[in-house]
Structures are given as C-alpha cells and as structure tokens.
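Please consult the sequence and the structure alongside the text.

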Amino acid sequence: MKIFVTGCTGYIGSHTCVELLNAGYEVVGLDNFSNSKREVLDKIKEITNKEIKFYEGDMLDENILDKIMNDNNIDIVIDFAAFKAVGDSVEHPISYYINNVSSVLTLIKVMQKHNVKKLIFSSSATVYGKQEIMPITEDMPVGNTTNPYGTSKLFVEHILEDLCASDNEFKVIIFRYFNPVGAHKSGLIGENPNGIPANLMPFIAKVATKELECLNVFGNDYNTPDGTGVRDYIHIVDLAKAHLSGIQKLNEIKGGLLIYNLGTGHGYSVLEMINTFEKANNVKINYKIAPRRSGDIDVCFADSSKAQKELNWTATLDLEDMCKDAYNFVIKNK
Ligand code: WQD
C-alpha cells in the first residue's frame with residue numbers, strides 16, 4: 001500500500017514516515033523545506049534502512065501534486081504540510097490561510113481527479129479555543145479559536161465535512177493533536193525549529209544545553225494548581241503510531257469523516273515540565289516568571305478514549321520519556 005505524505009520532512013511528518021516505513025508501507029513524500037531540512041530524508045533512511053520516494057515542491061502547486069498522482073498509485077494521503085506557529089499566524093494571517101487552507105483545496109481537487117479518496121488530516125487542539133470543561137472530548141464545541149493558525153485548521157475541518165457530505169466515497173480521519181513533544185529514541189530526528197523556539201519543550205531543551213540562557217515562564221497566575229499553564233503533552237512517537245491505526249480504520253469503514261483527539265489525557269504544568277526535565281536529564285533549567293503570553297489559555301488536555309476505543313490506540317510514553325528523548329535529540333544535534 002502506497003501512502004502519500006505531505007510535509008514529510010517536518011517534525012510530525014518525519015516521525016510518521018519512520019513508523020510507516022517500519023510497518024512496511026511504501027511512502028511517497030512531498031516537502032518544500034519551508035520549516036525543515038533535506039537532511040531529514042537521510043536520517044529517515046538511517047533509522048529505517050528504507051527510502052521515501054521524495055518530491056520537492058509546494059502543496060499549492062497543482063502540477064506537482066498531479067505528477068505525484070500520475071507517477072504513483074496512491075492509496076491514502078496523510079496531510080501534514082502547514083504553518084503552525086500561533087504567534088506568527090497572528091502577524092501573518094493571510095499567509096496562514098493561503099498555505100494552510102488553499103493548499104488543502106488544491107490537494108483535494110487533485111485527489112478527486114485521480115479518484116484518491118482516503119485522507120488523514122492533521123488538525124490541532126487549538127480548534128477548541130478556550131474550553132471551561134476538562135478533559136476535552138471530540139463532541140465539545142469548536143470555533144472560538146484565538147488565533148489564525150487555529151482558525152485555518154478549523155476552516156479545513158469544515159471543508160472536509162462538506163466534502164464527505166457531498167461524496168460518500170470519501171473517507172477522512174481528522175486527528176486533533178494536543179502538544180506533541182520529544183523525539184525518536186535514536187536522536188536522529190526531532191523538533192528542530194529554525195530560530196528561537198516558540199514552544200515550551202524545544203526552548204527548555206536549548207536552555208539545558210546552554211544554547212539559550214533562561215526560560216521565561218509565561219505567567220504563574222493561571223487557574224491551575226501552581227499557577228502555570230497546563231497542557232497535554234504527547235510523545236511524538238505515540239502520535240506518529242496513531243496514524244498507523246488511522247490507516248487501518250480507513251480501510252475498514254465504507255465512507256464518512258471521523259475525528260479523534262490525540263493526547264495522553266494528562267495535563268502537566270510548565271513548572272511540572274521543568275521539574276521532570278531536570279530530574280530526567282540531571283540538568284538545571286534556569287527560568288524566571290514573566291508576563292502571560294497573549295492568546296494562552298489556563299488549561300487544555302484531552303479525553304482520548306474515543307481513539308482508544310475505535311482505533312485501539314493509546315499513548316504509552318510518559319513525560320519522563322518525552323523529556324529524555326527531547327534532550328537526547330538536542331545533545332546529538334548541537
Ligand atoms: C505550552 C505552555 C505556555 C513557551 C501550541 C499550539 C498548538 C500546538 C502546540 C500545533 C503554555 C508555556 C511556552 C515558553 C512558556 N502546535 N510556555 N514559555 O501554546 O500550548 O500550543 O503548540 O499544533 O496548536 O497552539 O504550546 O509549547 O507554546 O506552550 O511558559 O517559552 O508553555 O504559556 O502554558 P501551546 P507551547
């Protein structure tokens with residue numbers, strides 16, 4: 001079975017390609033390296049001893065998508081290609097809507113032309129916006145998103161709902177990722193954002209290696225046990241393996257759209273993350289309490305029992321594993 005992975009050299013894309021290749025799938029990949037590096041392809045080969053059939057290009061380019069579908073008998077598409085920095089999306093909303101929404105419209109048009117009707121789409125917990133009730137289940141209301149990144153993901157979810165309503169042969173799984181962190185055990189691939197990391201774990205990892213001096217803890221006056229923000233961190237390898245379960249599900253169902261939260265069901269605060277990282281890696285993390293970051297919410301963690309029940313998938317790695325693997329990656333890639 002041939003799987004077409006967009007954004008295949010990105011953080012989530014590369015870890016998913018490793019699991020797909022290890023599971024025996026053939027993988028066709030597309031990336032424009034806007035937020036990743038070509039060398040990731042070599043790392044994937046080093047880990048799996050298998051190669052992705054890779055195409056360099058942009059999801060907005062209908063011709064490259066058409067070529068890929070003409071060259072390969074694609075069974076399923078997994079779409080990771082998107083910009084995902086919340087703060088950046090507030091400054092550049094139009095580039096987020098073009099890149100994250102228009103690209104999916106182009107992809108669907110080409111899929112329809114080639115009669116490829118199975119899609120796994122990477123969405124985000126940010127579509128839930130600020131929720132009063134925790135943990136979050138898939139049937140909770142979405143829509144009060146707090147940034148253009150989350151809104152772009154929500155727009156695509158609505159597009160996919162309308163697509164499946166119009167064509168009962170289409171089968172779509174939407175995965176709503178909570179906070180993916182960590183890295184492959186080998187340390188060969190991991191979260192390697194260009195510039196200063198916007199997210200907590202890669203920032204902590206760079207403080208640990210002294211590439212960055214001090215972590216700003218964005219607020220300690222939230223409505224949480226220690227006042228700092230609580231999130232549902234999930235190991236990137238657990239998240240990648242969920243896509244294998246998604247493929248199996250797509251091959252079982254007749255049609256329609258299914259939505260699953262991908263999280264651990266546990267919320268951890270910023271201070272808990274710092275303490276766990278320090279103990280797991282025997283390092284000291286310098287930090288100071290700073291003002292809140294606009295757009296942040298107090299608490300966000302998943303009820304992922306629907307994925308457990310319907311996909312027979314559950315996260316198995318804990319916060320200590322996430323901290324050890326994140327640190328191992330930055331040490332090996334300094
Ligand atoms: C986590 C906690 C911060 C940085 C975002 C996206 C989400 C997903 C994951 C794509 C919060 C605090 C952070 C720092 C800090 N990405 N923090 N100092 O904002 O929960 O989610 O990334 O899908 O869609 O919204 O993740 O890691 O930025 O923040 O104190 O330097 O760490 O306030 O409480 P977030 P994050």
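How many helices and how many strands are there in the chain? The chain, seen here as a predicted model, has 11 helices and 14 strands. Its radius of gyration is 19 Å, close to the 20 Å that the globule rule gives for 334 residues, so the chain is as compact as a globular protein of that length. Taken along the principal axes, the box filled by the C-alpha atoms is roughly 55 × 45 × 40 Å.

**Cavity**

- A search of the whole structure returns one cavity of 30 Å³ or more.
- The volume of the largest cavity is about 70 Å³.
- Its lining consists of Tyr 11, Gly 182, Ala 183, Gly 190, Glu 191, Met 201, Pro 202, Ala 205, Ala 326, Phe 329 and Val 330.
- At least two lining residues come from each of helix H7 (200–208) and helix H11 (319–332).
- By class, the lining of the largest cavity comprises eight nonpolar residues, two polar residues and one charged residue.

**Second largest pocket**

- The second largest pocket has a volume of about 170 Å³.
- This pocket is lined by 15 residues, of which Gly 263, Thr 264, His 266, Ala 315 and Leu 317 are the closest to its centre.
- Helix H10 (305–311) and H11 are the elements that contribute two or more residues to the lining of this pocket.
- The lining of the second largest pocket divides into six nonpolar, eight polar and one charged residues.

**Packing of H1 and H2**

- Two packed helices are described by the angle between their axes and the distance between the axes.
- For helix H1 (residues 11–22) and helix H2 (residues 39–48), the axes come within 10 Å and cross at roughly 35 degrees.
- The crossing of H1 and H2 is right-handed.
- On the H1 side, the contact involves Ser 14, Cys 17, Val 18, Leu 21 and Asn 22; on the H2 side, it involves Val 40, Ile 44, Ile 47 and Thr 48.
- Six nonpolar and three polar residues make up the contact of H1 with H2, with no charged residue.

**Backbone features**

- What is the form of the peptide bond from Met 134 to Pro 135? This bond is cis, and its omega is near -5 degrees.
- Pro 135 lies in the loop between strand E5 (118–124) and helix H6 (148–166).
- Asn 115 has a phi near 55 degrees, a positive value in a residue other than glycine.
- Asn 115 is located in the loop that runs between helix H5 (93–113) and E5.

Terms used. Residues numbered from 1 in each chain as written. Predicted model: local features only at pLDDT ≥ 70, side-chain atom pairs only at ≥ 80, totals over all residues. Heavy atoms only, no water. 1 Å grid on protein atoms, 1.4 Å probe; cavity = no way out; pocket = protein on both sides within 12 Å on 5 of 7 lines; lining within 4 Å. Points joined across faces, edges and corners; volume = space filled by probe spheres on them. Helix = DSSP H or I, 4+ residues; strand = E, 2+ residues; numbered from the N terminus. Nonpolar A, V, L, I, M, F, W, Y, C, P; charged D, E, K, R; others polar. Axes fitted to C-alpha atoms, helices over the stretch in contact; angles between N-to-C directions. Left-handed = near helix turned anticlockwise from the far one by under 90°. Contact = heavy atoms within 4.5 Å. Rg over C-alpha atoms; globule rule 2.2 N^0.38 Å.
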